[in-house]
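Subject: Handover of a structure, with findings

Dear colleague,

Please find the structure below, which I am handing over to you. I would ask you to keep it open while you read the notes that come after it.

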Amino acid sequence: MDIPLSTIAVVGLGTMGTGIAEVLARSGREVIGIDIDDAAARQAVAALEASTARAVRRERITEEERRNILARFRTFSDLQAAADAELVIEVVPETYETKQQVFRELDAVVSPTAILATGTNALSVTRLAAESQHPERVLGLHFFNPAPVMKLVEVVSSVLTAPQAVAAVTELARQLGKEPVAVGDRPGFVADGLLFGYLNQAAAMYEANYASREDIDAAMKLGCGLPMGPLALLDLIGIDTARTVLEAMYRASHDRLHAPAPVLGQLSAAGLTGRKTGRGFYTYAEPGSPNVVPDALTPAQDAGAGAGRTVRSVGVAGSGTMASGIAEVFAKAGYDVVLAARSQEKADTAKGRIAKSLERSVTKGRLTAGARDETLARITASGSLDSFAEVDLAVEAVAEDLLVKQQLFATLDKVCRPGAVLATTTSSLPVVAIARATARPEDVVGMHFFNPAPAMKLVEVVRTVLTADEVHATVREVCVKVRKHPVDCGDRAGFIVNALLFPYLNNAIKMVEEHYATLDDIDAAMKLGGGYPMGPFELLDVVGLDVSLAIEKVLHSEFRDPGLAPAPLLEHLVAAGCLGRKTGRGFREHARR
């Protein structure tokens with residue numbers, strides 16, 4: 001099968017098929033576009049004409065190159081047009097019946113040496129290959145949308161696929177400027193296999209009324225650096241498509257995390273499938289439009305405005321990176337800050353860390369020397385919590401240990417004046433258990449900053465069943481004043497971000513345990529195919545494997561879902577002292593700092 005793959009047929013000229021055809025035509029291949037719908041074929045030609053015209057205007061190609069690209073793309077309505085193709089890529093609707101019919105007909109049309117590729121992301125490549133007279137030439141070639149932009153291509157082998165066919169399409173992907181990742185035949189492959197479980201959990205979180213659609217999406221964008229929130233992404237993908245993928249994943253895994261959230265079925269049955277229909281989780285200006293318009297669920301701009309208590313001074317308890325970062329945030333915003341640690345020496349060290357951080361900002365031109373001095377002057381370092389006697393808001397940022405936090409809050413209860421708001425920055429512990437260590441649990445709230453606090457915009461505002469409305473409103477107002485984006489959530493393990501992030505990370509570890517894909521391929525797939533700023537194993541090593549394991553255990557204990565049980569490989573690495581960057585070794589080796 002040493003085939004040049006210079007003539008390629010694309011069957012199905014929807015959005016994905018049109019994008020693949022454009023990539024191939026731009027690379028110099030002769031492209032045969034086939035679709036039984038003449039309107040779809042005309043639209044594909046028009047899309048290629050429009051995109052190449054933009055490229056000429058932006059001086060990325062010449063007018064002559066544009067004419068050559070357009071000449072290389074021909075459209076037909078009959079599969080007979082694929083007779084001379086050395087590779088056929090099908091991207092027809094995601095059903096076995098439709099795809100199997102295409103493969104059966106292609107057997108009678110193409111050369112026995114031609115390679116047949118399916119663009120499926122949910123169906124079994126092996127099952128499709130079994131319908132072909134030459135199953136050894138059938139494989140999966142999964143591009144990501146939009147195909148001209150996205151760099152990832154998953155090359156999917158079945159147990160029947162010939163190595164020569166895999167090698168040929170892998171080389172083609174490289175020549176197209178893509179990053180090919182070799183994977184086996186299982187629903188979702190790597191990128192979608194991890195992505196859709198996460199999207200499903202987000203849909204279930206929304207369905208449970210745990211958080212609003214806006215807060216869920218903002219939390220994952222601001223807390224994880226993702227280009228799009230999960231519910232907006234489901235609308236873009238198509239809620240019906242997502243449900244089809246999840247159904248296939250669940251049939252293969254029987255993992256409850258893959259069982260489609262009922263809301264996906266309800267929206268699909270109602271025809272509310274996302275952007276393409278103009279309404280899904282959000283409402284859009286018109287079908288196909290990316291512009292979200294207000295609807296009955298859109299929160300009012302002034303909701304809760306002016307309902308909180310006055311906050312002029314803030315106490316921050318702790319001496320670590322998070323405590324000093326939070327103190328810096330408040331001081332920059334003009335608040336008088338008391339930074340208290342277990343000793344005056346530790347408090348002074350923490351303030352010194354803030355001074356260095358502010359100096360870096362001055363060096364980079366982000367802060368004036370005068371503003372630096374004013375900010376530092378607002379911070380008082382103290383070796384005792386007694387210095388919190390007059391603060392309006394006390395924020396703890398000590399070790400993530402329930403007993404330690406309870407003891408601290410019992411002290412704050414005695415020290416802080418009546419009416420002061422008491423906030424915990426816990427990322428995984430029950431806020432109500434901390435609140436009950438005081439005689440005023442109505443004044444206690446969760447205020448989960450993200451690390452590094454001066455840079456990260458997100459704060460999860462966690463109210464318990466005992467938190468007063470006035471206290472909740474106070475923290476939201478303070479977040480806005482310190483230029484953070486508050487999102488509301490209830491008091492349960494993981495809140496929004498960690499509850500969605502860590503099952504995804506855990507599933508990535510399971511893929512490696514099962515020898516389905518390598519660390520590098522999984523990281524590449526999520527960065528190139530999902531737009532993630534870091535791959536899951538890069539992120540795990542940064543967060544710390546011990547921290548990750550602790551959060552996984554809390555999630556598993558809270559929700560009792562077998563799919564949330566920490567991956568054994570994670571437990572083994574932690575037991576071996578391989579905790580990530582901080583120890584020089586985690587999933588990868590790192591230079592010791």
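The notes below describe what was found in this structure, topic by topic.

This is a predicted model, in which local features need pLDDT of at least 70 and side-chain atom pairs count only at pLDDT 80 or more, while totals for chains, interfaces and linings use all residues. Residues are numbered from 1 along each chain as its sequence is written, and side-chain values use heavy atoms, with hydrogens and water left out.

**The cavity**

A cavity is a set of points, on a 1 Å grid over the protein atoms alone, where a 1.4 Å probe fits but cannot get out; its lining residues have an atom within 4 Å of a point. The points are joined across faces, edges and corners, and the volume is the space filled by probe spheres set on them. The count comes to 1 cavity of 30 Å³ or more. The volume of the largest cavity is about 50 Å³. Which residues line the largest cavity? They are Leu194, Gly197, Tyr198, Gln201, Leu257, Leu500, Pro503, Tyr504 and Asn507. Two or more lining residues come from each of helix H7 (191–207) and helix H18 (497–513). Helices (H or I, at least four residues) and strands (E, at least two) are DSSP runs, numbered from the N terminus. By class, the lining holds 6 nonpolar, 3 polar and no charged residues. Here Ala, Val, Leu, Ile, Met, Phe, Trp, Tyr, Cys and Pro count as nonpolar, Asp, Glu, Lys and Arg as charged, and the others, Gly among them, as polar.

**The nonpolar cores**

A nonpolar core is a set of buried Ala, Val, Leu, Ile, Met, Phe, Trp, Tyr and Cys residues joined through side-chain atoms within 4.5 Å. Buried means under 20% relative accessible area, exposed means over 50%, and partly exposed lies in between (1.4 Å probe, protein chains only). The largest core has 103 residues, of which Phe281 and Phe388 touch the most other members. Helix H18 supplies the largest share of this core, 11 residues. Contact means heavy atoms within 4.5 Å. Leaving aside neighbours within four places in sequence, phenylalanine 388 is in contact with residues including Gly315, Val338, Leu412 and Cys416. A second, separate core has 35 residues, among them Ala25, Ala41, Leu48 and Ile115.

Asparagine 506 is in helix H18. Is this residue buried or exposed? Asparagine 506 is buried, because its relative accessible area is 1%. A polar atom of its side chain lies 2.9 Å from the backbone nitrogen of alanine 567. A polar contact is a pair of N or O atoms within 3.5 Å; within protein, one must be able to donate a hydrogen and the other to accept it, and residues adjacent in sequence count only if both atoms are side-chain atoms. Not counting residues up to four places away in sequence, asparagine 506 touches Glu552, Gly563, Leu564, Ala565, Pro566 and Ala567.

Threonine 464 lies in the loop between E17 and helix H17 (469–481). Threonine 464 is also buried, with a relative accessible area of 5%. Its side chain reaches the backbone nitrogen of leucine 466 at 2.9 Å. With residues up to four places away in sequence not counted, threonine 464 touches Val431, Val432 and Asp491.

**Backbone geometry in the loops**

Most residues other than glycine have a negative phi, and most peptide bonds are trans. A cis peptide bond, with omega about 0°, joins asparagine 145 and proline 146. Proline 146 lies in the loop between strand E6 (138–143) and strand E7 (152–157). The peptide bond from asparagine 451 to proline 452 is cis, with omega near 0°, and proline 452 lies in the loop between strand E16 (444–449) and strand E17 (458–463).

Glutamate 59 has a positive phi, near 60°. Glutamate 59 lies in the loop between helix H2 (38–57) and helix H3 (63–71), and is exposed at a relative accessible area of 73%. Histidine 254 has a positive phi near 55°. This histidine 254 is found in the loop between helix H10 (239–253) and helix H11 (262–269), and counts as exposed at 58% relative accessibility.

Yours sincerely,
A colleague

Definitions and conventions
1 Å grid on protein atoms, 1.4 Å probe; cavity = no way out; pocket = protein on both sides within 12 Å on 5 of 7 lines; lining within 4 Å.
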